[in-house]
Amino acid sequence: MAAVAGVTDPAGPASGATGPADAAGPPVRVLIVDDDALVRAGLSMILGGLPDLTVVAEAADGGEVPAAVAAYAPDVVLMDIRMPRVDGLTATEALRAQPHPPEVLVLTTFDADEQVLRALRAGAAGFLLKDTPPAEIVRAVRRVAAGEATLSPTVTRTLIAHVTAAAPGPVGADPRRERALRLLTGLSERERQVAVALGRGHTNAEIAGELFMSVATVKAYVSRLLTRLELNNRVQVALLVHDAGLV
């Protein structure tokens with residue numbers, strides 16, 4: 001595989017294509033994007049020694065992301081928000097607009113600023129604070145790779161508060177709220193219940209217990225919601241529910 005300018009492959013050029021697989025299948029492929037070399041090294045050290053995760057490449061700027069993704073086919077991108085040339089928000093929006101993109105976990109020093117919210121609306125599967133303990137970072141990458149959100153109920157409440165504080169006042173129409181209500185009106189009652197539970201930050205298991213479903217049925221409803229609402233992941237469903245004022 002040809003080298004990609006500005007992108008570091010920590011395991012050599014052949015690390016990506018046919019790495020060893022454990023009993024559960026091939027390892028989750030991770031691309032780390034951060035302009036701080038120490039952050040990249042720390043994340044690579046945390047993730048690189050695990051049998052079910054492999055860091056396939058590192059990049060120092062959002063402008064390097066398209067080439068890195070094309071070359072190394074990551075499953076998950078750990079994306080810094082603030083970078084000097086092309087920031088992580090711009091890179092995330094461009095990446096998630098592509099067909100079959102990898103999942104994106106945003107890295108930030110702030111837990112609910114406007115850039116984080118924009119990244120989540122663009123399709124990022126969640127975010128991590130840079131001081132998150134290593135074990136939680138590993139769990140977050142695994143969850144995102146498995147199609148789960150990384151927003152806990154506590155973080156979801158923080159986001160709700162931030163969205164509410166940033167929302168326009170009652171004067172005039174609110175296009176975002178009107179769009180959210182219009183989309184959610186087309187759902188069945190059961191789909192709406194699952195959507196509201198996602199908006200509260202509940203896991204599949206919690207939703208199953210609350211609505212007396214199996215976890216498999218909840219997963220099917222989440223997949224159906226994503227298709228019907230034309231959204232990328234459950235975090236976007238949660239934000240849509242917040243926009244509609246249902247939580």
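At 47% relative accessibility, Ala-73 counts as partly exposed, a class lying between buried (under 20% relative accessible area) and exposed (over 50%), with a 1.4 Å probe and protein chains only. Ala-73 sits in the loop between H2 and E4 and has a positive phi of about 45 degrees although it is not a glycine. The model is predicted: local features need pLDDT of at least 70, side-chain atom pairs count only at pLDDT 80 or more, and totals for chains, interfaces and linings use all residues. Residues are numbered from 1 along each chain as its sequence is written, and side-chain values use heavy atoms, with hydrogens and water left out.

**Overall composition**

- The protein has 11 helices and 6 strands; these are DSSP runs numbered from the N terminus, with helices (H or I) of at least four residues and strands (E) of at least two.
- Of the 247 residues in the protein, 45% are buried.
- The accessible surface comes to about 11800 Å², and carbon and sulfur atoms account for 58% of that surface; such areas come from the Shrake-Rupley method with a 1.4 Å probe, and for residues only the protein chains shown count as cover.
- Among contacts (heavy atoms within 4.5 Å) between residues at least 6 apart in sequence, 69% join residues at least 24 apart.

**Nonpolar cores**

- In soluble globular proteins, nonpolar side chains tend to be buried together.
- A nonpolar core is here a set of buried Ala, Val, Leu, Ile, Met, Phe, Trp, Tyr and Cys residues joined through side-chain atoms within 4.5 Å.
- The largest such core has 27 residues, and Val-33, Val-77 and Met-79 are those with the most contacts inside it.
- At least two residues of this core are supplied by each of strand E2 (28-33), strand E3 (53-59), helix H2 (65-72), strand E4 (76-80), helix H3 (88-96), strand E5 (103-108), helix H4 (114-122) and H11.
- H2 provides the largest share of this core, 5 residues.
- Leaving aside neighbours within four places in sequence, Val-33 is in contact with Ala-59, Asp-61, Gly-62, Val-65, Val-77, Leu-78, Met-79, Asp-80 and Met-83.
- A second, separate core of 22 residues includes Val-218, Tyr-221, Leu-225 and Leu-231.

- Helix H11 (residues 234-244) is largely enclosed by the rest of the structure, because 11 of its 11 residues are buried.
- Gly-245 follows H11 and has a positive phi, near 75 degrees.
- The axes of helix H8 (residues 189-199) and H11 come within 8 Å and cross at roughly 95 degrees; axes are lines fitted to C-alpha atoms, for helices over the stretch in contact, and angles run from 0 to 180 degrees between N-to-C directions.
- H8 is therefore roughly perpendicular to H11, a term that covers angles of 65 to 115 degrees.
- On the H8 side the contact is made by Ala-195, Val-196, Leu-198 and Gly-199, and on the H11 side by Arg-234, Val-237, Ala-238, Val-241 and His-242.
- The residues of this contact divide into 6 nonpolar, 2 polar and 1 charged; Ala, Val, Leu, Ile, Met, Phe, Trp, Tyr, Cys and Pro count as nonpolar, Asp, Glu, Lys and Arg as charged, and the others, Gly among them, as polar.

**Helix H4**

- Val-116, Leu-117, Ala-119, Leu-120 and Ala-122 are buried in H4.
- Just after H4, Gly-123 takes a positive phi of about 125 degrees.

**Val-86**

- Val-86 lies in the loop between E4 and H3 and counts as partly exposed, at 28% relative accessibility.
- Val-86 and Asp-61 are 25 residues apart along the chain, while their C-alpha atoms are separated by 6.1 Å.
- Not counting residues up to four places away in sequence, Val-86 touches Asp-61, Gly-62, Gly-63 and Ala-91.

- Asn-204 lies in helix H9 and is buried, with a relative accessible area of 5%.
- Asn-204 and Val-218 are 14 residues apart in sequence and 6.2 Å apart in space, C-alpha to C-alpha.
- Beyond residues up to four places away in sequence, Asn-204 touches Glu-148, Val-215, Val-218, Lys-219, Val-222 and Arg-234.
- Phe-212 lies in the loop between helix H9 (204-211) and helix H10 (215-229) and counts as exposed, at 77% relative accessibility.
- Phi of Phe-212 is positive, near 55 degrees, in a residue other than glycine.

Technical notes:
Parallel < 35°, antiparallel > 145°, perpendicular 65-115°, else oblique.
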